[in-house]
Amino acid sequence: MRRLRVDDEVIVLAGKDRGRTGSVVRFVGNDRVVVGNVNMVRKHLRATQPGARQGIFSQEAALHISNVAILNPNTNKPDKVGFREEDGAKIRFFRSTGERIDLA
């Protein structure tokens, strides 16, 4: 089970976008994550076929998973994720407060 999941609210800990928050859009491999509207890069595309899209576009680039941390909404600070068993199910919780992350 991963410590982060898609749609988790995270904060960037290192890099040019340090301090910015966003939600996890997708995972790239085992150790990289794409966060919405964070780490934007400019991509140059040349049309390879008639009618294909071309120009300069902005898109999110992947960040290493060690450079992001889950955002605790109660304290509004980055937090660590722990795991424990409750009612026979493995759940995630915030290490600082002990509250469950997934209340669904």
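Reply: Let's start with Arg20, which counts as partly exposed at 39% relative accessibility; on this scale buried is under 20% relative accessible area, exposed is over 50%, and partly exposed is what falls in between, using a 1.4 Å probe and protein chains only. Before going on, bear in mind that this is a predicted model, where local features need pLDDT of at least 70, side-chain atom pairs count only at pLDDT 80 or more, and totals for chains, interfaces and linings use all residues. Numbering runs from 1 along each chain as its sequence is written, and side-chain values use heavy atoms, with hydrogens and water left out.

The partner of Arg20 is Asp17: the two form a salt bridge, with the closest N and O atoms 3.7 Å apart. The term here means a side-chain nitrogen of Lys or Arg within 4 Å of a carboxyl oxygen of Asp or Glu. Asp17 comes in at 12% relative accessibility, so this residue counts as buried. By the salt-bridge rule, the count comes to six.

Arg5, Asp8, Arg92 and Asp102 are linked in a network of salt bridges. Within that group, Arg92 bridges to Asp102, and the closest N and O atoms sit 3.0 Å apart. That pair joins distant parts of the chain, with Arg92 in strand β10 and Asp102 in the segment after β10, ten residues apart. (Strands, E, are DSSP runs of at least two residues, and helices, H or I, are runs of at least four, numbered from the N terminus.) Arg92 has a relative accessible area of 1%, so it is buried, while Asp102, at 26%, is partly exposed.

Asp102 also meets Arg5 side chain to side chain in a salt bridge, at 3.0 Å from N to O. This one links distant parts of the chain too: Arg5 belongs to the segment before β1 (9-12), Asp102 to the segment after β10 (89-94), and 97 residues separate them. Arg5 is partly exposed, with a relative accessible area of 31%.

Val68 belongs to strand β7 (residues 68-72) and is buried, with a relative accessible area of 7%. Leaving aside residues up to four places away in sequence, Val68 touches Leu4, Val10, Ile11, Val12, Leu13, Val33, Val35 and Leu63, where contact means heavy atoms within 4.5 Å.

Some of those names come up again in the strand pairing, which takes at least two DSSP bridges between two strands. β1 and strand β2 (residues 21-28) run antiparallel and are joined by three bridges, with Val10 partnered by Gly22 in β2. β2 also pairs with strand β3 (residues 32-35), again antiparallel, over four bridges, and there Val24 stands opposite Val35. β2 and β3 make a hairpin with three residues between them, and Gly29 in the turn has a positive phi of about 70°.

Finally, two charges sit over rings, meaning NZ of Lys or CZ of Arg is within 6 Å of the ring centre and within 35 degrees of the ring normal. Arg53 lies over the face of Phe57, 4.0 Å from the ring centre. The charged end of Lys90 does likewise over the ring of Phe83, 4.9 Å from its centre.
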